[in-house]
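Please look over the structure shown here. The briefing that follows goes through it topic by topic.

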Amino acid sequence: MAPVWLYIRIIIVMCLVMIMVSCASNFQKPTPFDNTGFRNRAKTIAEDGIRISATVPNLKESRAIFCIDLEKKGVQPLWLEIENNTDRQIYFLPTGLDPEYFTPREISFGYHRLFSKTANRQIDEHIDSLGFRNLINPHSTSSGFVFTNPDEESKLVTLDLIGREWTKSFTLIVPTQNTSFTEDHYERILRMIVSSELIEAKDESQLRELLEKLPCCTSSKDGVQSEPLNIVIIGKIQDISPAFARRNYRYTPVSPRYVFQRPQDISVSKRDRWVAAQPHVLRAWLTKIRYRNKPVWIGQVSTPLGGRFAHATAEGNDAYIEPFVDEARNDLIQDIIYSQSLVKLGFVKGVGRVMASTPRKISGGATYHTDGLRAVLMFERRPVSLSEIEFLGWERLVDHYRQQFDGVESEK
Amino acid sequence: MERYQIMPTEAGIKQAFVDDMMRIARCSNFDNTCYRLYRKKWEKVNHVLQRNLMLGLCLTFTLMMLGCATSFSPRPIDEVPFKTRAQTQIMDGLTVTVAVPTIEEAKAIYGVNLASKEMQPVWIDVKNEENVPYWLLPSGLDPAYFSASEAAYAFRSLSSSEITQAVYKRFQNLQFRNPILPRNSATGFIVVNRDEGFKALDVDLISRAKVRSFTYIIPDPSFKGDFTLVDFYSLYDNKQIIEIKEEEVLRSEIEKLPCCTTSKDGSGKGDPLNLVLVGDRNDIFPAFIRRGWHGTEIIWSKAIWRTLKSFFKGSRYRYSPVSPLYVYGRRQDLAAQKSRGTIHQRNHLRLWLTPLRFRGKTVWLGQISRDIGVKFTLKSKTISTHVISPDVDEARRYLVEDLAYSQALARIGFVKGVGEARKDAPRFNLGGDPYFTDGLRAVMFFEPRPRTLGELDIIGYWEIPTRVRTSKKSLFDESK
């Protein structure tokens, strides 16, 4: 037998031995350790008699707490504490936080070993005891871990609490092990613009004027004009993020585009594990405009050419977009309408009409055509049903569509 | 043990698989060596099969290239008879008609096989007799629907730009186009992710003034779901139906319902029946589908085959069957599941129609559990069965939370069911898996959508679920 095979066998045997003697097979419940470290790091929000703290333990803490390596199985534990000083019973909906969260028993089963009944029972009990205890009674506190799918950068924790014919949602930004920013990314964005530079829109008509004056397009790093800025989002980050999270949008790093001489402040796209999600990419920049104290964001939404059917290129080239950019914009609107947070919807003039027959070339060699409008989406935190959405009587998409499709017909 | 021969046809392999199951069943004790031998063999088959599949794919691809390069010839829509299965609903000035072509019909209409890319077209016709323009929201049909350009991209020809253009044009022309102008109509297809069994469709139309919501359930005649075995109309005759008006009467009637599932002959006590659904069929089932639940196929040979494949690959077979359990002497009327990543992890529920009617609405009794892994058993014909999470209340809780986002859940309450089983003294289901519970059943009331989270009513004067008692304290309690 070739010596190399011998070595491999020896290594395999050694590995087996190591597995046998490792944590899981003779599971020992860890001695209570000093958990003040990560609890002190916790981010806290308090409102209307409800206080919420959340934090993600780092790798070392996580191993000390659970005695198993959760990261290996793609689980990120989130520690949560909810203090209820109201007179109502409160229930927390983990589905809103992560539609595919894990349960304690599901996790512990993954670490079960053959022929070690006692150890398996101990691990079950241990993980179970660490889980978050839902149903928070009046004037009491509940705490524990929710087992979520991992977020690389900061974790946006959106909490939907419900009670009898009552609901309230909270948003917290929790740093994770991999958060690379020295100060929090989102806080940095919000502090970026000093108050003396802010422009407050007095009413809707002034807002419309200001929005139409915003830059038409993004540009590449060397200043060549790129995709049209076709969306405006109005709302606090705490109100926008749950809306997007409910529709499965998550922070996703993408290649930079430039507006106001800086790359996008935030970029998101959709995630879903049951079926491939729509492939749209949204980049957004915070503007100096404020409307009723709410920040105004300008954004660009488009679809990489080929969408879900494109072959992933080695360099992850996203310079080529689907030429009909309005499709991505309309898909996003139609999706966000279901977020239960959109209160107003309207359209203002943007880049101006570009016909399909004479498409516009942009940096990287791609082309696009559009009706030239930008959508305006206004968010609030309270739950809004589909039928409550209000329409701003600005540009009418109907008129533009009529023209456009007449145009398409005549082109044939 | 005789030497194994790989039979060349799929039917042959299926037969071999069935034979092996019989052999395993004949083993005196289900010992590990026996199973391992067979598993090894089937892994090998799977490997060979995959290689054959690749070969087949290459061949098909070549054929496709040849076929595509010479012709792209969709048929006119009116020559394809899918509209005979159309369903129409009317609300004030809006008339909405919906139909779902079968795979073959879709192939004829589009000239390409959408099903090969897991896509499916839905045909919608809206007549607007009102004074305002309406917009159809395709996200209601499927949040991951495909725009015409994206779907067309999947079928672009690599060799001929003419054909590519023709494909794009065909997809654009067939596409449903917003808006639906006053006293006008709009017709077209929306390309969505393919579903088997039945398609539940939410058609939401929005205007400046209001929202109109329509819900359809459109069956696929080629799917063998549990529900296709049941004739819901003849289950109970008028004498057996119990009409209930008062909430307290409903509560006591629900408490009287069977506690658990049984084996086929009605003996034994299996999984606890921890769910009750109250509502119209058209309010309840689309709510599940909106949250990603799927019907399951009954166990028949094709389904076994597909489940087996997904077991080895760890892939998703969204419709893989659940084994039958019995209440009222019959197997589940309907089973649904929500797969989560792999076949080893899924939530599944079974439902039985009860003779109760609450204010005219149907009442369903059900059982939900969360699968956390797979084990091998002789108690089932398919030799493998799922290990359920012993914390059955957690699965129940998950369902309530999940449906809270479905826009159709109006009220929720809890009543007494199987009775408490503590963690240190668990009960066992018929598969031998332990479970513990607070012993309650969740009662969910469904209403026409849309409704928001804030409108969800919790019946506070019924039972309140508690955490199952345990002797152990949490880490943090000890550290305090």
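In chain A, the C-alpha centres of domain 1 and domain 2 lie 34 Å apart. Domain 1 of chain A covers 31-174, and domain 2 covers 192-411. These bounds come from an automatic or database domain assignment.

This is a predicted model: local features need pLDDT of at least 70, side-chain atom pairs count only at pLDDT 80 or more, and totals for chains, interfaces and linings use all residues. Residues are numbered from 1 along each chain as its sequence is written, while chains are lettered from A and ligands numbered from 1 in the order in which they are written.

**Between the domains of chain A**

- Eight residues of domain 1 of chain A and nine residues of domain 2 of chain A make the contact. Two residues are in contact if their C-beta atoms, placed from the backbone, lie within 7 Å.
- On the domain 1 side, strand S6 (155-163) and strand S7 (166-174) of chain A are the elements that give two or more residues. Helices (H or I, at least four residues) and strands (E, at least two) are DSSP runs, numbered from the N terminus.
- S7(A) gives the most to this side, with three residues.
- By class, the domain 1 side has one nonpolar, five polar and two charged residues. Ala, Val, Leu, Ile, Met, Phe, Trp, Tyr, Cys and Pro count as nonpolar, Asp, Glu, Lys and Arg as charged, and the others, Gly among them, as polar.

**Between the chains**

- Chain B puts 51 residues into the contact, and chain A puts in 53 residues.
- Several elements of chain B each supply at least two residues to its side, including helix H4 (138-141), strand S15 (361-376) and helix H10 (392-404).
- The side of chain B that touches chain A has 20 nonpolar, 14 polar and 17 charged residues.
- For the complex, the predictor gives an ipTM of 0.73 and a pTM of 0.71.

**Ser369 of chain B**

- Ser369(B) lies in strand S15 of chain B.
- Ser369(B) is buried, because 27 other C-beta atoms lie within 10 Å. A residue is buried if 20 or more other C-beta atoms lie within 10 Å of its own, exposed if 12 or fewer, and partly exposed in between; C-beta atoms are placed from the backbone.
- Leaving out residues up to four places away in sequence, Ser369(B) touches Asp271(B), His348(B), Ile388(B), Ser389(B), Val392(B) and Ala395(B).
- Ser369(B) and Tyr435(B) are 66 residues apart in sequence, yet 10.0 Å apart in space, C-alpha to C-alpha.

**Helix H9 of chain A**

- Helix H9 (residues 237-246) of chain A is largely enclosed by the rest of the structure, because eight of its 10 residues are buried.
- Among the buried residues of H9(A) are Ile237(A), Phe244(A) and Arg246(A).
- Just after H9(A), Asn248(A) takes a positive phi of about 75 degrees.

**Strand pairing in chain A**

- Strand S18 (residues 342-349) and strand S21 (residues 373-379) of chain A pair in the antiparallel sense over seven bridges. Two strands pair if DSSP finds at least two bridges between them.
- Phe347(A) has Ala375(A) in S21(A) as its bridge partner.
- S18(A) also runs parallel to strand S22 (residues 390-391) of chain A, joined by two bridges.
- Leu345(A) has Phe391(A) in S22(A) as its bridge partner.

**Confidence in chain B**

- The mean pLDDT of chain B is 77, and 69% of its residues reach 70 or more. pLDDT is the predictor's confidence in each residue, from 0 to 100.
- Over residues 27-32 of chain B, pLDDT stays under 50, and the model has three contacts there beyond four places in sequence.
- Over residues 471-480 of chain B, pLDDT stays under 50, and the model has 16 such contacts beyond four places in sequence.
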